Amino acid sequence: MADTATLAPVAQERAPLPAPEDRGRTTIADGVVSRVASIAASEIEAVVDTRKGWTKLVRKGLPHAEATVAGETSSITVEVAATWPTPLAPLVERVRAHVTERVDTLVGVTVSRVDVTVADVVHLDAPARRVV
């Protein structure tokens with residue numbers, strides 16, 4: 001027969017946590033914001049992702065983003081490649097708005113500025129039909 005003993009509950013009183021600002025500091029690296037901005041730009045229709053496959057060698061690996069984070073604010077520069085024949089001004093506005101929203105939502109950093117450069121226009125040929 002096993003010994004059973006009733007243990008008195010141990011009174012564990014925890015010290016109250018310090019104020020949030022005294023617990024530590026959160027730092028988001030510029031590279032993280034750059035990566036999120038680059039991925040966000042690639043989510044836009046008519047932006048070509050040239051970071052994969054052989055196009056990475058021929059083109060510059062677009063979309064590409066660079067961010068500078070100062071405190072809780074960031075400034076971002078994005079380069080994209082667009083498909084032919086996309087109107088570029090509306091495309092740039094969509095990229096700017098989407099990058100701002102995604103960085104703000106996913107990283108929690110306020111975006112003060114997004115400079116967008118259309119660095120390339122890509123004519124996507126329909127794949128040739130293969131006859132077997």
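A patch here is made of residues with over 30% relative accessible area and no salt bridge, where like charges are joined within 9 Å and nonpolar side chains (Val, Leu, Ile, Met, Phe, Trp, Tyr) within 5 Å. Accessible areas come from the Shrake-Rupley method with a 1.4 Å probe, and for residues only the protein chains shown count as cover.

**Entry 1: ground rules**

I am looking at a predicted model, in which local features need pLDDT of at least 70 and side-chain atom pairs count only at pLDDT 80 or more, while totals for chains, interfaces and linings use all residues. Residues are numbered from 1 along each chain as its sequence is written, and side-chain values use heavy atoms, with hydrogens and water left out.

**Entry 2: the whole chain**

I started with the elements, which are DSSP runs numbered from the N terminus: helices (H or I) of at least four residues and strands (E) of at least two. I found 4 helices and 4 strands in the protein chain, in the sequence order α-α-β-α-β-β-α-β. Next I looked up burial, where buried means under 20% relative accessible area, exposed means over 50%, and partly exposed lies in between (1.4 Å probe, protein chains only). Of the 132 residues in the protein chain, 29% are buried. The chain exposes about 9,800 Å², and carbon and sulfur atoms supply 55% of that area. I also checked contacts, meaning heavy atoms within 4.5 Å. Among contacts with a separation of 6 or more, 66% are between residues 24 or more positions apart.

**Entry 3: the nonpolar patch**

Which residues make the nonpolar surface patch? I noted Trp84, Leu88 and Val121, with a patch area of about 300 Å². Val121 belongs to strand E4, residues 110-122, and is partly exposed at a relative accessible area of 38%. Trp84 came up again for its backbone: the peptide bond from Trp84 to Pro85 is cis, with omega near 0 degrees. Pro85 sits in the loop between E3 and H4.

**Entry 4: helix H2**

H2 covers residues 30-42, 13 residues in all, and reaches 19 Å from its first C-alpha to its last. That is close to the expected 18 Å, the expected span being 1.5 Å times one less than the number of residues. Its buried residues are Val33, Ser34, Val36, Ala37, Ser38, Ala40 and Ala41. What do the buried residues of H2 pack against? I found strands E1 (47-48), E2 and E3, together with helix H4 (88-107).

In strand E2 (residues 64-70) I saw the side chains alternate. E2 runs antiparallel to strand E3 (residues 73-83), joined by 7 bridges; strands pair if DSSP finds at least two bridges between them. Glu66 has Thr77 of E3 as its bridge partner. The hairpin has 2 residues between its strands, and Gly71 takes a positive phi near 70 degrees there.

Most residues other than glycine have a negative phi, and most peptide bonds are trans. Ala46 has a positive phi of about 85 degrees although it is not a glycine. Ala46 lies in the loop between H2 and E1 and is buried, with a relative accessible area of 15%.

**Entry 5: salt bridges**

How many salt bridges are there? I counted 3, using a side-chain nitrogen of Lys or Arg within 4 Å of a carboxyl oxygen of Asp or Glu as the rule.

- Glu43 and Arg102 meet at 3.2 Å, N to O. Glu43 is in the loop between H2 and E1 and Arg102 is in helix H4, so the pair ties together parts 59 residues apart in sequence. Glu43 is partly exposed at 41% relative accessibility, and Arg102 is partly exposed at 26%.
- Glu93 and Arg96 meet at 2.7 Å, N to O. They are 3 residues apart in helix H4, which means about one helical turn separates them. Glu93 is partly exposed at 46%, as is Arg96 at 26%.
- Arg113 and Asp115 meet at 3.1 Å, N to O. Asp115 is partly exposed at 28% relative accessibility.
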